[in-house]
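Here are my notes on the fold and a few of its residues. Please read them with the model open.

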Amino acid sequence: MVKAIDTAAFRAAMEEKKTLVVDFWAEWCGPCRMLAPVMEQLSDELAGKAEFVKIDVDDNPDLAREYSIMSIPCVMVFKGGALAGKNVGFVPKSAMKDFIEQNI
């Protein structure tokens, strides 16, 4: 399951150095809505390897600025408190799974 979190929860997870797969999205974004079920499926398939979360860029603009997010959807993988990989835009499930597996 992909859990919706805010800036405070993101910062707490980063302090714990969790492996995070973060989907930066917005409600109005068509490609974001297309990616959402893909991320849900992958969160089930890769359960235990990473924590899957989503952050609404409209509700958390500070994080969007901090990570220079100019286009969404933007999926970032954080490992050990550091950015390990970034994917911008919608991609098919197989490509997203490969991206995540390479970075977790």
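This is a predicted model: local features need pLDDT of at least 70, side-chain atom pairs count only at pLDDT 80 or more; totals for chains, interfaces and linings use all residues.

The points below go from the sheet to the helices, then to the rings and single residues.

1. Five strands make up an open sheet. Their order is β1-β3-β2-β4-β5, and the pairing is mixed. β1 (3-4) and β5 are the edge strands, each pairing on one side only.

2. **The parallel part.** Which strands pair in the parallel sense with β3? β1 does, over two bridges. Here Lys-3 stands opposite Val-53 of β3. β2 also pairs with β3 in the parallel sense, over six bridges. In that pairing, Trp-25 has Asp-56 in β3 as its bridge partner.

3. **The antiparallel part.** β2 (residues 20-25) and β4 (residues 74-79) run antiparallel and are joined by five bridges. Asp-23 has Val-75 in β4 as its bridge partner. β4 then pairs with β5 over six bridges, again in the antiparallel sense.

4. **The hairpin turn.** β4 and β5 form a hairpin with two residues between the strands. Look at Gly-80 in this hairpin: its phi is positive, near 65°.

5. Helix α4 (residues 93-103) lies across β2, β3, β4 and β5. α4 runs at about 170° to β5.

6. How many aromatic pairs does the structure hold? There are three. One of them joins Phe-10 and Phe-78, edge-to-face, at 5.4 Å centre to centre with 75° between the planes. Phe-10 sits in helix α1 (residues 7-15) and Phe-78 in strand β4, so this pair ties together parts that are 68 residues apart in sequence. Both Phe-10 and Phe-78 are buried.

7. Tyr-67 lies in the loop between α3 and β4, while Phe-78 is in β4, so the pair ties together parts 11 residues apart in sequence. Tyr-67 is buried, as is Phe-78.

8. **A lysine over a tryptophan.** Please check Lys-54 and Trp-25 on screen. Lys-54 lies over the face of Trp-25, at 4.9 Å from the ring centre.

9. **Asn-60.** Is Asn-60 buried or exposed? Asn-60 is counted as buried because its relative accessible area is 8%, under the 20% cut-off. Asn-60 lies in the loop between β3 (51-56) and α3 (61-66). Leaving aside neighbours within four places in sequence, Asn-60 is in contact with Ile-5, Asp-6, Thr-7 and Ile-55.

10. **Asn-87.** Asn-87 belongs to strand β5 (residues 82-88). Asn-87 counts as buried, at 16% relative accessibility. What does the side chain of Asn-87 reach at 3.4 Å? It is the backbone oxygen of Gly-89. Not counting residues up to four places away in sequence, Asn-87 touches Pro-73, Cys-74, Val-75, Met-96 and Phe-99.

11. **Gly-85.** Gly-85 is also found in strand β5. Gly-85 is buried, with a relative accessible area of 9%. Beyond neighbours within four places in sequence, Gly-85 is in contact with Val-75, Met-76, Val-77, Phe-99 and Asn-103. Ala-95 is 10 residues from Gly-85 in sequence, and the two are 13 Å apart in space, C-alpha to C-alpha.

12. **Where to look again.** Two places deserve a second look on screen.

Note on methods. Residues are numbered from 1 along each chain as its sequence is written. Side-chain values use heavy atoms; hydrogens and water are left out. Helices (H or I, at least four residues) and strands (E, at least two) are DSSP runs, numbered from the N terminus. Buried means under 20% relative accessible area, exposed over 50%, partly exposed in between (1.4 Å probe, protein chains only). Contact means heavy atoms within 4.5 Å. A polar contact is a pair of N or O atoms within 3.5 Å; within protein, one must be able to donate a hydrogen and the other to accept it, and residues adjacent in sequence count only if both atoms are side-chain atoms. Two strands pair if DSSP finds at least two bridges between them. Axes are lines fitted to C-alpha atoms, for helices over the stretch in contact, and angles run from 0 to 180 degrees between N-to-C directions. Rings of Phe, Tyr and Trp (its six-membered ring) pair if their centres lie within 6.5 Å; planes under 30 degrees apart count as stacked, over 60 as edge-to-face and the rest as tilted. A charge sits over a ring if NZ of Lys or CZ of Arg is within 6 Å of the ring centre and within 35 degrees of the ring normal.
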